[in-house]
Amino acid sequence: MPALPVADVPRRPKSLSNLRHTEFVVPRDGGVAATEDAPPPRPKSRNDVYELKASRYGRRKGNGKATVDVSHIQDELDFADWYGELEEQLEDASNEEYRLFHSVLESHLTTCNNLVSSTDDALAILNDLKSSFITVDAQTSAFQASCSSLLADQSRLQMLADSVATNLQPFTELEPITRVLARPGSDFVKTQSFREMLVRLDHCLDWMNDPAHRSFKDVESYAPRFRQCMTRALTLIRNYFVSSMKEVANEVMEKMKQRQMNDSAQNAKFRINAPQLRDIVYEIEKRCGHEEYVSLLNECYSCYASVRQKLILPVITKRMQELSAAGTSTSKDLLAFARSAISFTRSICLDEFELFYAYFAGERGDEEVYNFLETICEPLYDYIRPKIIHENNLVKLCELCTLLQTRYMRDLEDPDIDPFDRSQLDFGQLIKETLQDTQTRIVFRTSSIIRDEIEYFTPKPEDLDYPAKCNQLRRRSSAASGGNSPLPNDPSIVEGSFDTETMFTGWYPTLRKCIWLLSKIYRLVNSVVFDDLAHQIVHSTTISLVLASQSLAKSKSDLADSQLFLIRHLLLLKEQLVAFDIEFSHQPDVNIDFSTITGTFSSLRTAGSLFSPGGLFTLVKTAAMPKVIASMLDAKTELDLRLRTAIESFVSHWRSRMTEGIKGASNRLAAADSPDPAARVKTAVEREVPVMRRKVLEYIDDRRTGETLVGAVMEGVIESYNEYYEEVFISKGRRPRNPEVPWDGEMFCRWAEGVFDVGDGLLAFGDDDDGDGKRSSRAMSREGSI
């Protein structure tokens with residue numbers, strides 16, 4: 001925008017009088033001012049001014065102003081008009097741009113005012129719209145709330161109507177179901193509508209028994225009626241099943257009487273209707289949560305069992321009679337009869353097991369099928385039990401028990417056998433009683449054999465012919481092995497059947513019978529029972545060996561024979577027991593001690609107050625009753641004690657024989673007075689050691705055991721000589737007659753080791769080796785703990 005022009009305004013008069021008396025030089029056309037001599041008269045009023053102007057300038061339209069010509073200025077008024085007009089022209093000329101800018105601003109202001117006015121109008125319209133919208137929204141919300149309330153009422157009423165219809169539906173089912181069950185028809189149970197009716201009855205019963213519906217009216221009266229309908233429906237199944245089974249049974253029996261059907265054909269006849277009857281009976285099986293329904297299912301089981309028993313039991317009984325008939329190979333042979341009878345019965349049980357599950361599918365039948373099969377097995381049990389009871393041959397009883405356990409009983413430890421597999425027949429459950437009878441008979445016969453052939457065994461002279469039997473056995477073994485005799489004392493594998501007379505030649509009969517009994521009953525009876533029997537057998541055998549040793553001591557001049565006999569057989573018994581898994585547990589051995597009574601009687605009788613009041617009181621107070629002494633008996637412990645005692649007796653016997661010359665005070669003094677204090681002992685040792693070794697070799701086949709016994713004797717002899725030397729020479733300060741031959745304990749020990757020669761062979765190597773291939777006597781003593 002251009003800058004505002006600077007106005008060039010002439011000096012204005014300061015007052016009206018100055019304006020009137022001011023002389024104006026009006027330029028002329030030639031540039032010379034004209035001077036007026038006489039001013040015109042002054043107007044008196046505004047109207048006069050206007051009139052004067054009109055007369056001079058004329059009346060013009062426009063802005064109401066007249067253009068004064070300079071040549072016509074006559075007075076001050078004309079000048080004032082001219083000057084005013086000129087001033088206005090100057091002002092207009094100088095303010096043109098400002099007026100233009102003002103007009104633009106006014107145009108903009110007008111536009112803004114128009115915009116503000118339009119905006120105010122629009123805001124007014126918007127306010128009207130807002131108020132209208134608020135009104136519409138309020139009305140819409142009210143309408144929506146009203147609709148929601150109506151919908152909620154509609155839903156509630158619909159739910160109420162549905163609930164009423166649903167809750168009334170079980171009540172409406174009773175009449176049509178009752179009407180159908182009143183006239184069911186003969187084949188109604190086979191139709192699909194019958195099963196749908198059972199489903200509806202289940203639903204109605206569940207609804208009636210729901211605690212949430214107890215508040216409904218007439219529920220207590222409707223529930224028993226629905227239960228009666230269900231019982232009636234399931235009774236129809238029971239009746240249909242019973243009638244069908246009897247119908248098939250009658251047909252089969254009639255054809256079998258006419259010999260038109262064999263046993264396999266009658267099974268096929270029963271299998272024809274089995275799938276249909278199975279599906280029908282399953283409707284009872286899956287509803288056995290009620291006791292009344294269980295009774296209906298049991299009636300089906302009973303009907304099936306009675307029908308099948310009438311057909312099967314005669315067949316099994318006839319077969320048992322044929323096997324037991326006189327003249328047959330199985331009539332007297334228990335094992336042959338058992339094999340044939342059990343195999344025949346098992347084949348029938350397998351067929352019946354499969355046929356039973358062709359009719360019944362529920363788990364409740366698992367127990368019933370075995371009850372049914374046990375009834376079928378009764379003929380077998382009736383025929384085999386008397387044979388088991390009257391069988392005295394323990395070998396046959398053991399073979400029968402082995403047959404039952406290995407072939408028919410399930411091995412629960414076998415990973416390939418599932419003990420809970422319902423699809424497989426566990427025939428072992430059916431012959432469990434037979435197995436128990438056999439095991440009971442085995443225990444009885446074992447106890448009888450223990451009593452008759454071990455406890456009450458009376459040896460014959462040839463049974464005590466030792467060491468001749470040992471020498472005979474050694475010669476046979478050498479001949480059989482080409483001169484290389486193995487160690488016969490290794491534990492023998494005693495499973496199965498073997499001839500004890502051949503295998504255990506040279507053994508005492510009770511020891512042979514002991515090992516034979518253990519091998520026969522091992523793993524055939526319960527482990528606890530076997531342990532008890534094993535304790536009894538070992539105990540009785542140990543006692544019999546001790547008695548035999550005593551008898552041998554009486555018949556033999558040398559006590560060593562009886563001692564070595566006992567050691568030999570106790571070692572054999574202990575070694576053979578390793579092959580058996582025997583739990584040696586303590587058993588109470590109850591004894592009654594009467595010593596206190598006899599002692600009290602003796603003291604009272606000696607005092608003479610036996611029948612006095614004080615004596616009777618003392619008797620009652622101190623020892624009126626015998627004492628019951630319960631000691632713990634363990635067959636293994638007893639065997640170890642007996643063996644240790646026998647070894648100690650053997651060592652003591654030979655020790656006494658070799659040290660007889662230094663026993664007693666007189667013998668010791670006599671030996672000490674001789675030039676060689678050890679002469680008597682050395683002589684006896686040199687004489688007895690070969691005899692002792694010969695005896696040991698006759699009875700003891702194991703080189704290690706024999707050397708151990710010899711070493712124990714040597715240790716005892718050295719100990720006796722040390723006691724003699726310490727008592728005579730060290731304690732009393734006595735000096736030997738010949739100082740050059742002191743023969744103290746150490747010298748005697750070295751000499752004895754050379755004479756006894758212990759450790760040669762099997763005992764020559766070990767931690768206690770003294771470097772010369774021999775062991776010290778201390779090592780031999782430790783080896784002697786057998």
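This is a predicted model: local features need pLDDT of at least 70, side-chain atom pairs count only at pLDDT 80 or more; totals for chains, interfaces and linings use all residues.

To begin, what percentage of the residues of the protein chain count as buried?

Analyst: Start with the whole chain. Of its 786 residues, 37% count as buried. The secondary structure comes to 28 helices and two strands. The chain exposes about 45200 Å². Carbon and sulfur atoms supply 53% of that area. Contacts also reach along the sequence. Take those between residues at least 6 apart in sequence: 74% of them join residues at least 24 apart.

Look at Glu433 in particular. Glu433 sits in helix α15, which covers residues 432–455. Its relative accessibility is 45%. Exposed means over 50% and buried means under 20%, so Glu433 counts as partly exposed at its 45%.

Next comes a patch of another kind. Leu123, Ile125, Leu126 and Leu129 make up a nonpolar patch on the surface. Together these four residues have about 390 Å² of accessible area. Leu129 belongs to helix α4, residues 96–182. Leu129 counts as exposed because its relative accessible area is 53%, and the cut-off for exposed is over 50%.

Val199 is another surface case. Helix α5, residues 192–209, holds Val199. With a relative accessibility of 52%, Val199 counts as exposed. Now pair Val199 with Glu283. In sequence, Val199 and Glu283 are 84 residues apart. In space, the two are 10.0 Å apart, C-alpha to C-alpha.

For contrast, turn to a buried residue. Thr659 lies in a loop. That loop runs between α23 (635–658) and α24 (665–673). The relative accessible area of Thr659 is 2%. Buried means under 20%, so Thr659 is buried at 2%. What does Thr659 touch, not counting residues up to four places away in sequence? The contacts are Val717 and Ser720.

Thr659 is buried, with 2% relative accessible area. Glu433 is partly exposed at 45%. Val199 is exposed at 52%. Leu129 is exposed at 53%.

Terms used: Residues are numbered from 1 along each chain as its sequence is written. Side-chain values use heavy atoms; hydrogens and water are left out. Helices (H or I, at least four residues) and strands (E, at least two) are DSSP runs, numbered from the N terminus. Buried means under 20% relative accessible area, exposed over 50%, partly exposed in between (1.4 Å probe, protein chains only). Contact means heavy atoms within 4.5 Å. Accessible areas come from the Shrake-Rupley method with a 1.4 Å probe; for residues, only the protein chains shown count as cover. Patches are made of residues with over 30% relative accessible area and no salt bridge: like charges are joined within 9 Å, nonpolar side chains (Val, Leu, Ile, Met, Phe, Trp, Tyr) within 5 Å. A salt bridge is a side-chain nitrogen of Lys or Arg within 4 Å of a carboxyl oxygen of Asp or Glu.
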